[in-house]
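The following note sets out points on the fold and the ligand surroundings of the entry shown below. It is meant to be read alongside the coordinates.

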Amino acid sequence: VSVCNKDIGSLPAAFPFLSANILELFLLTGKHAVVTGGARGIGYVISEAYLQAGVSKLAIIDYSRNDEGISKLRAEFPKATISYYDCDVRSAEQVQKVIETIHEEFKTIEIFVANAGIAWTSGALIEQPDDAEWNNVINVDLNGVYHCAKNIGKIFKQQGKGSLIMTASMSAHIVNVPQLQAAYNVAKAGVLHLGKSLAVEWAPFARVNTISPGYIATELSDFVPDDIKNIWYSLTPKGRQGHPRELCGAYVYFASDASTYTTGSDLRVDGGYCSV
Ligand code: NAD
C-alpha cells in the first residue's frame, strides 16, 4: 500500500486535514456564521444545520420581521448565541452597517451565506409595463448578494480566512419552462459568475462557492399554479421537488474544513434537472 506523503510545498503548518478524522472535518465547532434570508425557507434550514454542526454564534439577516424561526432555534440551541438583524439586502448602507455590527459582536465571522432572494412572478419580460419588477429582482437577487460579498470580503481579508457561500439556482444554468422568469435567471447567472470572480480575487485569504438548488419546497414558489409545478417535477429526473433539508449537506461542506481546496465551484442540488 502506498501512502500519499509527497511534499506539495507551502501548506500552512496547522492545516486541519493533515491529521483530523474525515468526519471531524465536516464539523463547524466553535465557528461563527451569518445567513441572509434565514427567517424562513432554505436559509432557516441552513441555520439550523449549522447549529447542529457546532456553530456557536449565528446571525440571521432578514427583512421579514419574522422572528418565529429564531425563537425556535434559540429554544433548540440554548448554548449558542443567535441574533436576528432586520435588514434589507437591497440597501448597501443597511448591509454595511449590519455586517459591521455583527463583526463587532462576534469578533470573527468564518462563514457567510448570501441566500436572501425573491422570485420573478411576472411572467414574460416583453409584456411588462415598466422596469420596476426587473430592477427589484436584480436588486435583491444580484445586488443584495454583491452588497454582502463586498462587506464580508473586507472582514475575511483582515482575518486571513473565511468561506462565502452564495445561493444561486439551477435557473443560473438553464431557462425554466413553462413559467418564464428572465430577470431571475439573469440575476442568478450573475451570482454564479460573481462567485467565480471573487474566488479568484480572494483566493489568498478566503473561499467562495455557489450552490444551485432545483425546485425546493418553500414559500418562494407558492405563486406558481399546481399544473405548472407538476410539469416542473415531471421534467426533474428525481420526479419530485426537493426538501430544503436535502440542501444542507452542500452548505455544511462548503462551510467546513472538508472543502479547504474547493473555491470557485458551483454545486447543483437539483434532482438531476440540469443533467437532462
Ligand atoms: P423564501 O421566500 O422561503 O425565503 C427567502 C427569505 O429571504 C425570506 O425570509 C425573505 O424575508 C428573505 N428576503 C427576501 N428579500 C430580502 C431582502 N431584500 N432583504 C432581506 N431578506 C430578504 O425562499 P427560499 O426558497 O428559501 O429561497 C432562498 C434562496 O434560495 C433564494 O435566493 C432563492 O432564489 C434560492 N432558490 C430557491 C429555490 C426554490 O425552489 N425554493 C430554488 C433555487 C434557488
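1. Two strands are taken to pair if DSSP finds at least two bridges between them. In this predicted model, six bridges join strand E2 (residues 57–62) to E3, the two running parallel. Leu58 stands opposite Ile82 in E3.

2. The sheet is open and has seven strands in the order E3-E2-E1-E4-E5-E6-E7, with parallel pairing. Strand E3 (81–86) and strand E7 (266–269) stand at the edges with a single partner strand each, so one side of each lacks a neighbour in the sheet. On average, neighbouring strands are turned by 15° against each other, direction ignored.

3. Helix H2 lies across E1, E2, E4, E5 and E6, and runs at about 170° to E1 (32–36). Helix H6 also packs on the sheet, where it touches E5, E6 and E7; its direction makes about 160° with that of E6.

4. Helices H5 (residues 132–159) and H6 (residues 182–201) pack at an angle of about 15°, with their axes 8 Å apart. Angles under 35 degrees count as roughly parallel, and H5 and H6 are therefore roughly parallel to each other. H5 passes H6 in a right-handed crossing. Among the residues making the contact are Trp134, Ile138 and Leu142 of H5 and Tyr184, Val191 and Leu194 of H6. The contact residues divide into 13 nonpolar, two polar and three charged.

5. The ligand is surrounded by 27 residues, of which Gly37, Gly41, Ser64, Gly117 and Thr218 are the closest. H2 (41–52) and H5 are the elements that give two or more residues to this shell; H2 gives the most, with three. The shell divides into eleven nonpolar, eleven polar and five charged residues.

Conventions. Residues are numbered from 1 along each chain as its sequence is written. This is a predicted model: local features need pLDDT of at least 70, side-chain atom pairs count only at pLDDT 80 or more; totals for chains, interfaces and linings use all residues. Axes are lines fitted to C-alpha atoms, for helices over the stretch in contact, and angles run from 0 to 180 degrees between N-to-C directions. Helices (H or I, at least four residues) and strands (E, at least two) are DSSP runs, numbered from the N terminus. Angles under 35 degrees count as roughly parallel, over 145 as roughly antiparallel, 65 to 115 as roughly perpendicular and the rest as oblique. A crossing is left-handed if the near helix is turned anticlockwise from the far one by less than a right angle, and right-handed if clockwise. Two residues are in contact if their C-beta atoms, placed from the backbone, lie within 7 Å. Ala, Val, Leu, Ile, Met, Phe, Trp, Tyr, Cys and Pro count as nonpolar, Asp, Glu, Lys and Arg as charged, and the others, Gly among them, as polar. A residue is near a molecule or strand if its C-beta atom, placed from the backbone, lies within 6 Å of it.
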